[in-house]
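This report describes a predicted model. The sequence and the structure are shown first, and the discussion follows.

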Amino acid sequence: MAKISIDLSPLQKASAWKPAEVVFWLLPVIAFFLFPKSLALLSQIAITALFALSLDLILGYAGIISLGHAAFFGLGAYAAGLLAKYGWGDPLLGLAGAAVLATAAGFISSFLVLRGSDLTRLMVTLGVSMMLYEAANKATDFTGGVDGLQGVEMKPLLGEFTFDLYGKTAYWYSLIVLFLMFWLARRLVQSPFGHSLRGIKQNVKRMPAIGTPVHGRLVAVYTIGAGYAGVAGALLTQTTQFVSLDVMSFSRSAELLLILVLGGTGSLYGALIGTAVFMAAQHYLSGINPQYWQFWLGAALVLIVLFARDGIMGFLNRLPALAAKKRGD
Amino acid sequence: MGLIKNLMLAAFAALALGAAQAAEPLKIGLVLTLSGPFAAYGKQVEHGIRLFLAKNGDTIAGRKVELVIKDDAPGTAGDVSKRLAQELVVKDNVDILAGFMLTPSAFAVAPVATEAKKPMIVMNAATSAITTKSNYIVRTSMTLPQITAPLATWAAKNGIKRVYTIVADYGPGHDAEGQFKKTFAAAGGEIVGEVRIPVARPDFAPYLQKVKDTKPDAVFIFVPAGEAGVAFMKGFQEKGLAQAGIKVIATGDLLDEDIIDSIGDSALGVISSFHYSEAHKSAENQAFTAAYAKAYPKDRPNFMAAAGFDGMHLIAEVLKKTGGSADADKFAEAAKGMKWESPRGPISIDPATRDIIQTVYIRKVTRVGGKLQNVEFDHLDNFKDPGKQ
């Protein structure tokens with residue numbers, strides 16, 4: 001029998017860390033020294049980036065469209081908040097608890113979500129998140145309702161670093177968790193599992209023919225995405241020590257979709273860059289024009305999407321080709 | 001350009017260093033909701049603040065006032081408000097935190113005020129417990145129990161025996177509901193039904209049908225000021241509750257000057273209790289409303305504008321007392337027991353709770369000179385927040 005040899009080197013090459021990636025991850029470290037007074041904003045960017053990453057896993061790689069991803073973010077946020085409120089204030093324990101709860105919720109709801117096509121999925125995800133939102137709204141004794149959950153008291157991180165007013169601990173904590181989760185996601189999408197997801201996204205009818213259990217794969221990635229969102233929610237709770245009902249709101253889900261489209265789907269980095277650009281623009285515009293900043297933000301988004309249709313990442317990816325073309329002329 | 005400006009500023013600062021330390025500007029960080037569904041709140045409070053500064057000059061105890069304004073839209077996301085407050089403290093180096101339109105915003109920021117030792121002036125958020133969340137909080141707006149209790153007493157005295165309560169389902173709503181039931185029952189009234197409705201986008205039709213079937217003497221309603229009030233009055237009209245002999249009694253949020261024109265004539269005759277009316281008769285209010293009409297001809301002054309105006313007044317008076325120091329402990333101490341004549345009438349800061357003590361008026365919607373106004377006809381003087389007793 002002839003030995004079948006497959007050349008794996010292109011895949012191996014793709015999974016090696018590129019210099020541009022190393023530079024990218026140095027940026028937040030530089031930002032710490034450059035903007036020591038904006039750490040509160042920077043940590044919320046890191047947290048939202050993790051949240052966007054979770055949507056990228058399910059939308060960008062598996063093509064599952066969701067308008068209710070904030071449900072898992074909110075579950076994680078409340079789980080971490082309630083744990084801390086009732087005495088388990090250790091941040092890492094809270095993170096684990098939130099991850100478990102959100103993952104479980106993701107697993108259960110995945111069966112509902114994956115039954116239909118895109119439009120039904122949109123409705124089901126929206127419906128699930130609205131149900132959770134209303135439940136949290138109604139259970140005021142438990143969640144604090146619209147007033148928000150108070151009395152979230154965090155213990156120092158690793159028993160060492162307290163969450164300070166300048167947000168130093170919050171920033172490093174969020175950033176390190178983001179990096180670790182990103183590293184994991186990067187491994188995941190470059191694994192055979194990740195490739196099968198991309199295959200499902202490109203042609204869902206063909207994948208079973210080559211032996212891929214489509215449903216199982218989608219359940220798995222949806223569950224993982226939910227867990228990621230839960231961790232992001234928990235981080236937000238722990239670094240702000242407050243949970244508002246808004247964590248589950250539709251606007252949070254919609255904004256997340258906007259961020260991902262802005263950054264570009266299916267590249268992981270698009271989620272991170274989209275978040276940074278969106279939140280920085282939001283912060284800058286609302287600072288210079290507190291009343292009408294949403295108009296300018298909208299205008300900026302329309303322009304970006306018009307001129308970079310596959311998001312900022314797509315534009316960046318096309319840059320070398322554009323440059324070559326120009327040289328050719 | 002920016003660099004040259006900074007250098008010039010630095011040179012100027014160096015020159016001024018020899019002068020009194022009080023010459024340092026007084027930076028006030030305002031956390032206001034200026035966009036989204038609650039945008040009118042921030043706008044009104046900002047108007048009030050600016051009117052005070054326009055009237056009294058923008059130098060307080062020798063320090064020039066600088067406002068640093070942040071929009072915490074949607075106003076209900078505590079994480080946003082908290083982040084902005086943190087930034088105001090560490091980045092903008094503000095001396096005082098002020099604003100806070102909705103309860104979640106005030107609750108989330110309270111620990112920042114405590115940790116950073118900054119005075120925190122609450123200019124709208126109305127849940128009773130807010131002032132207990134930090135020793136540096138002083139409130140110049142109102143609390144829901146404070147406004148509600150006098151209305152319940154008035155209703156019981158004026159032939160209203162059976163009441164159905166409808167409140168928005170969040171802190172201020174729970175406060176209003178609890179206080180109304182307590183006071184009304186103590187005065188011999190009966191609550192024949194109660195319902196809590198969502199804060200955002202409520203649809204009143206099903207609730208109002210139920211109210212109509214129960215046939216109470218009156219409906220007590222609390223909703224946050226704005227669109228919800230318009231929707232309620234519209235539904236009340238459409239379902240024909242007035243024809244069925246059911247009255248509306250409400251806290252003044254329902255009928256604030258910002259929205260009363262969009263409710264229109266169906267508001268006529270509605271009884272409410274509140275601490276401020278544009279139609280309040282006093283020299284202070286005349287000056288206030290005249291200045292408001294001149295500066296913002298498109299808007300009408302409401303209770304939030306008055307709270308912003310008074311909040312600024314409080315800051316100015318406290319700083320005069322402390323000789324220009326905005327130290328949080330000194331500020332809170334100096335604010336306690338402070339009394340002045342506001343456009344809404346006489347007010348003071350309760351030395352025990354740092355909350356506001358004020359006259360609560362019972363008013364009736366009447367057309368005055370072509371405008372719908374809440375005309376005051378009864379009042380309860382120096383009324384403390386009963387929610388904290």
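Which residue of chain B meets the side chain of A:Lys138 in a salt bridge? The partner is B:Asp169, with an N to O distance of 3.1 Å. A:Lys138 belongs to helix α6 of chain A, whereas B:Asp169 sits in the loop between β7 (162–168) and α6 (171–186) of chain B, so the pair joins two chains. B:Asp169 counts as buried, at 3% relative accessibility.

**The interface between chains A and B**

The count of salt bridges between chain A and chain B is 2. One of them links A:Arg252 to B:Asp79. A:Arg252 lies in helix α11 (residues 250–263) of chain A and B:Asp79 in helix α3 (residues 78–90) of chain B, so this pair also connects the two chains. Both A:Arg252 and B:Asp79 are buried.

On the side of chain A that touches chain B, at least two residues each come from α3, α6 (118–138), α10 (214–240), α12 (269–288) and α13 (293–307) of chain A. The largest share of that side, 3 residues, is supplied by α3(A). In total, 28 residues of chain A are in contact with 34 residues of chain B. Together the chains bury about 2800 Å², of which 50% is on carbon and sulfur atoms.

**Salt bridges**

Over all chains, the structure holds 21 salt bridges.

| Residue pair | N to O distance |
|---|---|
| A:Lys138 and B:Asp169 | 3.1 Å |
| A:Arg252 and B:Asp79 | 3.3 Å |
| B:Lys336 and B:Glu333 | 3.2 Å |

B:Lys336 is partly exposed, with a relative accessible area of 27%. Elsewhere in chain B, a network of salt bridges links B:Asp261, B:Glu278, B:Arg300 and B:Lys371.

**Surroundings of B:Ile197**

B:Ile197 lies in strand β8 (residues 190–197) of chain B and is buried, with a relative accessible area of 0%. Beyond its neighbours within four places in sequence, the contacts of B:Ile197 include B:Asp169, B:Phe204, B:Tyr207 and B:Val223. B:Val223 is 26 residues away from B:Ile197 along the chain, and their C-alpha atoms are separated by 8.8 Å.

**A nonpolar surface patch on chain A**

Residues including A:Trp17, A:Leu26, A:Phe35, A:Phe179 and A:Trp183 form a nonpolar patch on the surface, whose members together have about 1100 Å² of accessible area. Two or more residues of the patch come from each of α2 (19–34) and α8 (168–190) of chain A. A:Phe35 lies in the loop between α2 and α3 (39–61) of chain A and is partly exposed, with a relative accessible area of 43%.

Key. Residues are numbered from 1 along each chain as its sequence is written. Chains are lettered from A and ligands numbered from 1 in the order in which they are written. This is a predicted model: local features need pLDDT of at least 70, side-chain atom pairs count only at pLDDT 80 or more; totals for chains, interfaces and linings use all residues. Side-chain values use heavy atoms; hydrogens and water are left out. Patches are made of residues with over 30% relative accessible area and no salt bridge: like charges are joined within 9 Å, nonpolar side chains (Val, Leu, Ile, Met, Phe, Trp, Tyr) within 5 Å. Accessible areas come from the Shrake-Rupley method with a 1.4 Å probe; for residues, only the protein chains shown count as cover. A salt bridge is a side-chain nitrogen of Lys or Arg within 4 Å of a carboxyl oxygen of Asp or Glu. Helices (H or I, at least four residues) and strands (E, at least two) are DSSP runs, numbered from the N terminus. Buried means under 20% relative accessible area, exposed over 50%, partly exposed in between (1.4 Å probe, protein chains only). Contact means heavy atoms within 4.5 Å. Buried area is the accessible area (1.4 Å probe) that two parts lose on being put together, summed over both.
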